[in-house]
Amino acid sequence: MSRIAYVNGSFVPLEEARVSVLDRGFLFADGIYEVSAVLGSRLIDNEAHLARLQRSVGEIELPLPETLARIKEIQKELIARNSVIEGLVYIQVTRGAAERDFVFPKGVKPTLVMFTMVKDIVNSAAAKNGIAVKTLPDIRWARRDIKSVALLAQVLAKQAAAEAGCQEAWMIEDGAITEGASSSAFILTQDDVLVTRQNSSAILPGCTRKAVMALAEELQLRIEERPFTVAEALASKEVFITSASSFVQPVVTLDGQTIASGKPGPVSLRLREIYVEFARATAD
């Protein structure tokens, strides 16, 4: 049975989903996206994702074509129509279709596209065994706090990582890690301090990052929000990433060098465990 997507007010089979070749998302990457996880056919931490969607569109003066309440209804309808038990819901908003011109067009309705993906998040092999990460120069634009659909730099980084046998790329700028190509980066120091870069225009304010930090505080872990280097990561007790599509995922090698024992650490595994508990308990 075909997947069902949502395009500008209509639910349609995925293979029939269409947007104009003049859509500004296609021509200029003039758009914003969000991804929410699904567990047990319910949305995980979705209010945070919708709030970030609203912030991102506001930063580029892009009006949402639907209310957040209606977008949430569409998300749930897509989950039901596609019988998604575990996976993701993707949202993309662009400035709409108009003759190609750099200046914002007038009187054009934004494009809203949404679809689902099935994914094994909770019991993935990567979560149990850990992943390998490759570092690369951060060549992205300066407003990384906006969840833009302009992801070419991340595509190139992910490709380079994959060619090196790695599952994620970490970006480096001015000698420090900014974040992953599609994740937030954490280390646990030898002094049992959890370190992650502070929010700014240099990184995306991760929704899962925020939730995990709150859960870490409940475990009475000390947290420092600051930049850290590759050397610090290699010398740390544990390294992990967070994202909506992976939750908490341990990192066991960085640029081919082993982190600690080379196996997922107890803090990473415990944070993943309690995040999954949090996700199930608060799912909507």
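User: What makes up the lining of the second largest pocket, by class?

Analyst: Its lining has nine nonpolar, four polar and two charged residues. The model is a predicted one. Among the 15 lining residues, Val 19, Tyr 90, Gln 92, Val 113 and Phe 115 lie nearest the centre of this pocket. E1, helix H1 (24–28), E5 and E6 each give at least two residues to the lining. The space in it comes to about 270 Å³.

User: What volume does the largest pocket have, and what classes of residue line it?

Analyst: The largest pocket has a volume of about 750 Å³. By class, its lining has 18 nonpolar, 13 polar and eight charged residues. It is lined by 39 residues, and those nearest its centre are Tyr 33, Lys 147, Leu 151, Ala 181 and Leu 204.

User: Which element supplies the largest share of the lining of the largest pocket?

Analyst: E3 does, with four residues. Other elements that supply at least two residues include H2, E5 and helix H6 (207–218).

User: Why is Phe 228 called buried?

Analyst: Buried means under 20% relative accessible area. Phe 228 has 1% relative accessibility, so it counts as buried. Phe 228 lies in the loop between strand E12 (222–225) and helix H7 (230–234). Leaving aside residues up to four places away in sequence, its contacts include Trp 170, Ala 185, Phe 186 and Ile 187.

User: How far apart are Phe 228 and Gly 175 in sequence and in space?

Analyst: They are 53 residues apart in sequence, while their C-alpha atoms are 8.5 Å apart in space.

User: Why is strand E10 described as largely enclosed?

Analyst: Five of the five residues of strand E10 (residues 184–188) are buried, so the rest of the structure largely encloses it. Both faces show this: Ser 184, Phe 186 and Leu 188 point one way, Ala 185 and Ile 187 point the other way, and all are buried.

User: What makes E10 and E13 a pair of strands?

Analyst: Two strands pair if there are at least two bridges between them. E10 and strand E13 (residues 238–243) have five, so they count as a pair, in the antiparallel sense. One of the bridges puts Ile 187 with Val 239 of E13.

User: How do you know that E10 and E11 pair?

Analyst: The test again asks for at least two bridges. Three join E10 to strand E11 (residues 193–196), so the two strands pair, running antiparallel. Leu 188 stands opposite Leu 194 in E11. The two strands form a hairpin with four residues between them, and Asp 192 in the turn has a positive phi of about 60 degrees.

User: What is the order of the six strands in the open sheet?

Analyst: The order is E2-E1-E6-E5-E3-E4, with antiparallel pairing.

User: Why are strand E2 and strand E4 said to stand at the edges?

Analyst: Strand E2 (10–13) and strand E4 (42–44) each have a single partner strand, so one side of each has no neighbour in the sheet. From one strand to the next, the twist averages 30 degrees.

User: How many bridges join strand E5 to strand E6?

Analyst: Eight bridges join strand E5 (residues 86–94) to strand E6 (residues 111–118), and the strands run antiparallel. Val 89 has Thr 116 of E6 as its bridge partner.

User: Which strands does helix H2 touch on the sheet?

Analyst: Helix H2 (residues 46–59) touches strand E3 (31–39), E4 and E5, and its direction makes about 180 degrees with that of E3.

Definitions and conventions
Residues are numbered from 1 along each chain as its sequence is written. This is a predicted model: local features need pLDDT of at least 70, side-chain atom pairs count only at pLDDT 80 or more; totals for chains, interfaces and linings use all residues. Side-chain values use heavy atoms; hydrogens and water are left out. Buried means under 20% relative accessible area, exposed over 50%, partly exposed in between (1.4 Å probe, protein chains only). Axes are lines fitted to C-alpha atoms, for helices over the stretch in contact, and angles run from 0 to 180 degrees between N-to-C directions. Contact means heavy atoms within 4.5 Å. On a 1 Å grid over the protein atoms alone, a cavity is a set of points where a 1.4 Å probe fits but cannot get out, and a pocket is an open set with protein on both sides within 12 Å along at least five of seven lines; lining residues have an atom within 4 Å of a point. Grid points are joined across faces, edges and corners, and a volume is the space filled by probe spheres set on the points. Ala, Val, Leu, Ile, Met, Phe, Trp, Tyr, Cys and Pro count as nonpolar, Asp, Glu, Lys and Arg as charged, and the others, Gly among them, as polar.
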